Amino acid sequence: MSEDKKKKIIKTIKIDVDKCNGCRACEVICSSFHASPKYSSNNPARSRIRVIRDPYRDLYVPVYAGEYTVAECAGRDKYTIDGKEYDECLFCRASCPSRDAFKEPDSGLPLKCDMCEGEDEPLCVKWCMVDALTVEEREEDVDEEEVSPEELEIGLESLADKYGIEKLRDIVARMSEKD
Ligand code: SF4
Ligand code: SF4
């Protein structure tokens, strides 16, 4: 068996909750960048980053859209950090059946952060004036075979499970008409 290892640069966005002031510029630029045509509109409900805001408690939590999950979890814990109470769901990145977060408002399809594919820098990071969002890079070893994950297939499969293949086909057809 081949022991070949390749290096892969993994980029992640680090969130500093204490610096976030809830301005929502990140939501505006993300939804605008992903509008079709690009920059034609902005609607935070279409953003891949959402800022959970509770100004009375000075609580702002930016959360990135992660993977779609077919089943809701059982986690309903509360956390107290620096005297502020957080619901466990606040930190969750999943688009899940029990809440509306990270779902495209018209189709209900799950949204996922794509790190602003094609841009030099994630736009939410660029637009965050207080550096609550910063890019971090790390290098990881990957096996040769792991270089082409079948993420797309897995994503489509779970969507087909949820919406049915007919509806998925309709949605894809409508999306290609818009282009
Ligand atoms: S742009 Fe920065 S400060 Fe404004 S809401 Fe987003 S993360 Fe918070
Ligand atoms: S990195 Fe890009 S796609 Fe991801 S949340 Fe930020 S603006 Fe949206």
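I started at phenylalanine 102, which lies in the loop between strand 5 and helix 2. Phi of phenylalanine 102 is near 60°, a positive value in a residue other than glycine. Is phenylalanine 102 buried or exposed? Phenylalanine 102 counts as buried because 27 other C-beta atoms lie within 10 Å. My cut-offs here: buried means 20 or more other C-beta atoms within 10 Å of the residue's own, exposed means 12 or fewer, and partly exposed is in between, with C-beta atoms placed from the backbone.

A note on what I am looking at: this is a predicted model, in which local features need pLDDT of at least 70 and side-chain atom pairs count only at pLDDT 80 or more, while totals for chains, interfaces and linings use all residues. Residues are numbered from 1 along each chain as its sequence is written, and chains are lettered from A and ligands numbered from 1 in the order in which they are written.

Next I checked arginine 24, in the loop between strand 1 (5–15) and helix 1. Arginine 24 also has a positive phi, about 70°, although it is not a glycine. With 17 other C-beta atoms within 10 Å, arginine 24 is partly exposed. I then found a cis peptide bond between serine 36 and proline 37, with omega about -5°. Proline 37 sits in the loop between helix 1 and strand 2. As a reminder to myself, most residues other than glycine have a negative phi, and most peptide bonds are trans.

**The overall layout**

I counted 4 helices and 6 strands in the protein. From the N terminus the order is β-α-β-β-β-β-α-β-α-α. Of the 179 residues, 17% are buried. I also looked at contacts, meaning C-beta atoms placed from the backbone and within 7 Å of each other. Among contacts between residues at least 6 apart in sequence, 62% join residues at least 24 apart.

I count strands as paired if DSSP finds at least two bridges between them. Strand 2 (residues 49–54) and strand 3 (residues 59–64) run antiparallel and are joined by 6 bridges. Aspartate 54 stands opposite leucine 59 in strand 3. This hairpin has 4 residues between its strands, and aspartate 58 takes a positive phi near 50° there.

Strand 4 and strand 5 (residues 84–87) are antiparallel too, with 4 bridges. Lysine 78 stands opposite aspartate 87 in strand 5. Which residue has the positive phi in the hairpin of strand 4 and strand 5? Aspartate 82 has it, near 50°, in a hairpin with 2 residues between the strands.

In helix 1, I found Cys26, Glu27, Ile29, Cys30 and Phe33 buried. Their cover includes strand 2, strand 3, helix 2 and strand 6 (133–143).

I defined a nonpolar core as a set of buried Ala, Val, Leu, Ile, Met, Phe, Trp, Tyr and Cys residues joined through C-beta atoms within 7 Å. The largest one has 17 residues, and Cys26, Ile29, Cys30, Ile49, Cys124, Cys128 and Leu133 have the most contacts inside it. Helix 1 gives the most to this core, with 4 residues.

For the shells, a residue is near a molecule if its C-beta atom, placed from the backbone, lies within 6 Å of it. Ligand 1 has 15 residues around it, with Cys20, Cys23, Ala25, Cys26 and Cys128 coming nearest. Helix 1 and strand 3 are the elements that give two or more residues to this shell. By class, I sorted Ala, Val, Leu, Ile, Met, Phe, Trp, Tyr, Cys and Pro as nonpolar, Asp, Glu, Lys and Arg as charged, and the others, Gly among them, as polar. The shell around ligand 1 then has 12 nonpolar, 2 polar and 1 charged residues.

Ligand 2 has 13 residues around it, and Cys30, Cys113, Cys116, Pro122 and Cys124 come nearest. Helix 1 gives the most to the shell around ligand 2, with 3 residues. That shell has 11 nonpolar, no polar and 2 charged residues.

Notes: Two residues are in contact if their C-beta atoms, placed from the backbone, lie within 7 Å.
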